[in-house]
Each structure stands twice: as structure tokens, then as C-alpha cells.
Amino acid sequence: MRKLRRFIWYLAGRLLLVTVVLGLCTVTFYYAMNASNIYIVLKDGMAKRAQVIMMGEKADELTKFFQGSYLQMDENLRLAIDGRSPYVYYTVRGIDHRLEMKWMWCWPWENTARVEFTEAVPRIDGRVNSADAAAAQALYGDGYESPPRWPAGRYAATLVKENNQWHIRSLSLLEAME
């Protein structure tokens, strides 16, 4: 009887250990899956937002990455759509958009994630429009030939999962960077 009891406790202990290891593997897998999906949504969404503001692209595709409520509140985006962007006097042909995710947390069973990241556009390929050169010079001074620098910064974002897709719900600037 004693040997049977020891054998049952041995099996129960090993079964508990295997269950805990499998649970940790499952949580890690879903965390990594959410992290990669969130990174892609942030990278592509913020790059598309910058392209809409700087290059004048259509804002229709932004709904793939952002919630409609955020798009209505984004001041820079509204200025660009209304034709009052700082880049309106320039023809921007391309940008070097960089995003680095600093911190992210999302439990596998939650539909909300919090992220901190940095965004920068170190190079903008563009020139002033010849018809708008005088207005750009009056606004930006001597360096008017090149488009103004993109304001780099450290951001905090909240993302929500809707219909198995992540969308950016809110975005706030934590710190402006050089």
C-alpha cells in the first residue's frame, strides 16, 4: 500500500509539472503572437500615417490600423487632410520611417494591449514646389528647400482587438526627441 501511494504521488507531481510547463509554453506562444501582430500594426500604421501627412496619400487605408475615433482626434492628420500640413509646399517622394518598440504588455486572454515605442523619420526625400517657394521661404526661412523635420518622439499607445485584428485606439506623446 505504501509503494502504491508513493507511486501515485510521483505520477501526480510529474503530471502537475508537465501541466505547468505546457501552460507556460501556451502563454509564451500567445504573448509572442500578440507582440508580433502589434508590432506590425504599429509599424505599418504609423508609417501610413506619416505618408498621409507628408506625402498627401489617401487616408482611407488608415482604418486598417486605427480606430475611427482616434482618426477624428488626430490633429496632425486633420491638418493634412484639410491641406494645412507643414509639408503642403513640398513634394515628398519617400521617407525613412523607423519605429522601435520599447515595451509591450498584453495577457493572452485580454483584448487590450499597452505599448511604448519610439518613432522617427531621419530622412525625408523631397523638395519645395517651385510655385510655393516664396511661401515656404517666408514660413521656414533659409532652410526652406528641404521639407521640415518630422517630430520624433516616444509614444504610449493603447491597442484593442476587434474581430481578431488589432487597432490603435489611443496614442499619446510621452517625450519629444531630437
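This is a predicted model: local features need pLDDT of at least 70, side-chain atom pairs count only at pLDDT 80 or more; totals for chains, interfaces and linings use all residues.
**Entry 1, main core.** I looked up the largest nonpolar core and found 31 residues in it. Ile-38, Leu-42, Phe-66, Phe-117 and Leu-159 have the most contacts inside this core. I then listed the elements that give two or more residues to it: the helices α1 (2–55), α2 (68–73) and α3 (75–81), and the strands β1 (90–105), β2 (112–128), β3 (153–162) and β4 (165–176). α1 supplies the largest share, nine residues.

I took one of the residues with the most contacts inside the core, Ile-38, and checked what it touches. With neighbours within four places in sequence set aside, Ile-38 is in contact with Met-101, Met-104, Ala-113, Val-115, Leu-159 and Trp-166. Leu-159 is itself among the residues with the most contacts inside the core.

I read a volume of about 290 Å³ for the largest pocket. Its lining has 18 residues, and Arg-49, Asn-76, Trp-150, Pro-151 and Tyr-155 are the ones nearest the pocket centre. α1, α3 and β4 each give two or more residues to the lining. β4 gives the most, four residues.

Which classes of residue make up the lining of the largest pocket? I recorded 13 nonpolar, two polar and three charged residues. Of those nearest the centre, I noted Arg-49 as charged and Asn-76 as polar.

Definitions and conventions: Residues are numbered from 1 along each chain as its sequence is written. Side-chain values use heavy atoms; hydrogens and water are left out. A nonpolar core is a set of buried Ala, Val, Leu, Ile, Met, Phe, Trp, Tyr and Cys residues joined through side-chain atoms within 4.5 Å. Buried means under 20% relative accessible area, exposed over 50%, partly exposed in between (1.4 Å probe, protein chains only). Contact means heavy atoms within 4.5 Å. On a 1 Å grid over the protein atoms alone, a cavity is a set of points where a 1.4 Å probe fits but cannot get out, and a pocket is an open set with protein on both sides within 12 Å along at least five of seven lines; lining residues have an atom within 4 Å of a point. Grid points are joined across faces, edges and corners, and a volume is the space filled by probe spheres set on the points.
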